Amino acid sequence: MAEPLVVFENIVKRFGNFEAVKRLNLSVHEGEFLALMGPSGCGKTTTLRMLAGLEEPSEGDIRLAGKSLVGVKPHERDTPMVWQSLALFPFLNARENVEFGLKMRGMEGAERKRKAVGWLERLGISEFSERDVNSLSGGQRQRVALARALVTEPKILLLDEPLSALDANLVIRMQAVLTKLQRELGITFVYVTHSQSEAFAMADRVVIMSKGEISQIGTPRDIYRTPANRFVAEFV
């Protein structure tokens, strides 16, 4: 049987004497929408950052498509991330932001522009391609950030609370956009959130974390109907 796309094997992450992640074992399957959920300080963002290469595990191994990522620099991994802050470049317009990853890969200018505009069109904002990103609404900037991450056609996309800065109505709309994109593209999504409504509305499986450990893994329905322990029951 083929190995899952991502494997966390006996992962420990320490910051000084503090163990932020404790002996984590987790598999993420190809084409899956997996949500990591839990209260602040539970280790979910640290886990995502280790997959992105922004933190190195203190112990254990992380594999992507069967290859160990330990010691691999962030720019050498095909693990783009959509940040809570979006982290768009304010000195570039929307199209240029989307082109950035392609430019770093050495793609020729005309092809770069074609692909960037194509993704902006796919996300319904091609008319804003030459706009300064600071002049765009929160939802429009969110779509630019998604286009920038997806234009390189990665196998996996990491999302760190990407909807937390949006108002409630826009959150619901962006949930629909994300779910539709993930289903159409078949890209694996690993999505960090503290919001039960986001995780349960979008994810195939949800990982509930507490104090650096996994409390339960399951479908939203299973977790809601049969919580594994008192913490999960109270949290959801």
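The model is predicted. The largest nonpolar core has 46 residues, and the structure holds 19 salt bridges.

**Nonpolar cores**

- Within the largest core, the residues that touch the most other members are Val82, Val144, Leu146, Leu157, Leu159, Leu178 and Val206.
- Leaving aside residues up to four places away in sequence, Val144 touches Leu88, Ala94, Asn97, Val98, Leu120, Ile125 and Leu136.
- A second, separate core has 25 residues, among them Leu5, Leu24, Leu69 and Val207.

- Strands E1 (residues 6-15) and E2 (residues 18-28) run antiparallel and are joined by seven bridges.
- Phe15 stands opposite Phe18 in E2.
- Two residues lie between the strands of this hairpin, and Gly16 takes a positive phi near 65 degrees.

**Salt bridges**

- Arg14 pairs with Glu19 in a salt bridge whose closest N and O atoms are 3.5 Å apart. Arg14 is partly exposed at 32% relative accessible area, and Glu19 is partly exposed at 28%.
- Arg14, Glu19, Arg23 and Glu59 form one network, joined by salt bridges that share partners.
- Arg77 forms a salt bridge with Glu56, with the closest N and O atoms 3.5 Å apart. This pair links distant parts of the chain, 21 residues apart: Arg77 is in the loop between strands E5 (67-68) and E6 (81-82), and Glu56 in the loop between helix H1 (44-52) and strand E4 (59-64).
- Arg77 counts as buried at 8% relative accessibility, whereas Glu56 counts as partly exposed at 31%.
- Arg230 and Glu234 form a salt bridge with closest N and O atoms 2.9 Å apart. Because they are four residues apart in helix H8 (residues 230-235), about one helical turn separates Arg230 and Glu234. Both Arg230 and Glu234 are exposed.

Methods: Residues are numbered from 1 along each chain as its sequence is written. This is a predicted model: local features need pLDDT of at least 70, side-chain atom pairs count only at pLDDT 80 or more; totals for chains, interfaces and linings use all residues. Side-chain values use heavy atoms; hydrogens and water are left out. A nonpolar core is a set of buried Ala, Val, Leu, Ile, Met, Phe, Trp, Tyr and Cys residues joined through side-chain atoms within 4.5 Å. Buried means under 20% relative accessible area, exposed over 50%, partly exposed in between (1.4 Å probe, protein chains only). Contact means heavy atoms within 4.5 Å. Two strands pair if DSSP finds at least two bridges between them. A salt bridge is a side-chain nitrogen of Lys or Arg within 4 Å of a carboxyl oxygen of Asp or Glu.
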